Amino acid sequence: MVCLDIDGTLLQYDGTMHDFTRDAVRACVEAGHQVVLSTGRAVIATKPIIDMLGLSSGYAVCSNGAITLRLDSSLPDGFETIERVTFDPTPALQMLRGQWEDAVIAVESGDVFKVTAPFPDGELDGEQVVVPWEELMTEPVTRVTFRSPTGTSEDFLDLAERVGLHQVNYAVGFTAWMDINPEGVTKASALEQVRRKLCVEPANTVAVGDQRNDVEMLEWAARGVAMGQAPDEVKAAADEVTAPIDDDGAALVLRSLI
């Protein structure tokens, strides 16, 4: 079972995928490995990558583990949602309110994001609806996203510690971007359920990722591989480090499995 992050692992920072990487994923599938995409992306943003890679069966994990898809090319959409974990965003939102002057916040509900202000183009795939603050808390959600154009990842790590985010799982991105998920929900928790469905032995699991939301996944896998450009704490969680995204580090790992 080969578990792959998307952005910064398979996709370059400009949103393209090198042929060498795409061909390595397809070769892994053809060799009989179960390739499972595991991403912070919403479903609507994951589906084009599924199609790009030609994945017509198996599973995919989206929204940092909150949503699990079963892929089946015979279905109208090419997939069905088999797991969707939600939580009440109210406590986290109340703690974060007013903590960062230019922060914008989104809550994810299906393919629609309720936002306090529009996010820059390309950052959220799916419909964005600007709503009053109170409307962010009217229903359970799969994720809360907190971002700022002026802060840094270190700022947001300090912020999470300062406000005491508990009863949730959170991951800070490469920049000032924080994703908050239901407590206990990570890429690893969803992948463990997929592993059991596939009847794959724990020793036969490989994961490749590049960011803090990949840490649990890398620790969970028997062979956890961090991309070469990953932050130090991500590399520390991995069993090994491959080349950076510019040098197709994920493809090198995949080729080693064939």
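A salt bridge here is a side-chain nitrogen of Lys or Arg within 4 Å of a carboxyl oxygen of Asp or Glu. Across the interface of domain 1 and domain 2, that rule finds zero of them.

A word on the model: it is predicted, with local features needing pLDDT of at least 70 and side-chain atom pairs counting only at pLDDT 80 or more, while totals for chains, interfaces and linings use all residues. Residues are numbered from 1 along each chain as its sequence is written, and side-chain values use heavy atoms, with hydrogens and water left out.

**The two domains**

Domain 1 covers 2-84 + 185-256 and domain 2 covers 89-180; such bounds come from an automatic or database domain assignment. Their C-alpha centres are 24 Å apart. In the contact (heavy atoms within 4.5 Å), domain 1 puts in 18 residues and domain 2 puts in 18 residues.

About 1,200 Å² is buried between them, and carbon and sulfur atoms give 50% of that. Buried area means the accessible area (1.4 Å probe) that two parts lose on being put together, summed over both. On the domain 1 side, Ile44, Arg84 and Arg212 lose the most area to domain 2, together making up 40% of what that side buries.

What about polar contacts? The interface has three residue pairs of this kind, both residues at pLDDT 80 or more. A polar contact is a pair of N or O atoms within 3.5 Å; within protein, one must be able to donate a hydrogen and the other to accept it, and residues adjacent in sequence count only if both atoms are side-chain atoms.

**Salt bridges elsewhere**

Searching the whole structure turns up 16 salt bridges. Here are three, among them one from Arg143:

| Pair | Closest N to O |
|---|---|
| Arg70 and Glu80 | 2.6 Å |
| Arg143 and Glu108 | 3.0 Å |

The Arg143 pair ties strand 9 (residues 143-152) to strand 6 (residues 104-109), with its partners 35 residues apart. Strands (E, at least two residues) are DSSP runs, numbered from the N terminus.

Buried means under 20% relative accessible area, exposed over 50%, and partly exposed in between (1.4 Å probe, protein chains only). Arg70, at 26%, is partly exposed, and Glu80 is partly exposed at 32%. Asp7 also counts as partly exposed, at 35%.

Finally, Asp5, Lys187 and Asp214 are joined in a salt-bridge network.

Conventions:
Helix = DSSP H or I, 4+ residues; strand = E, 2+ residues; numbered from the N terminus.
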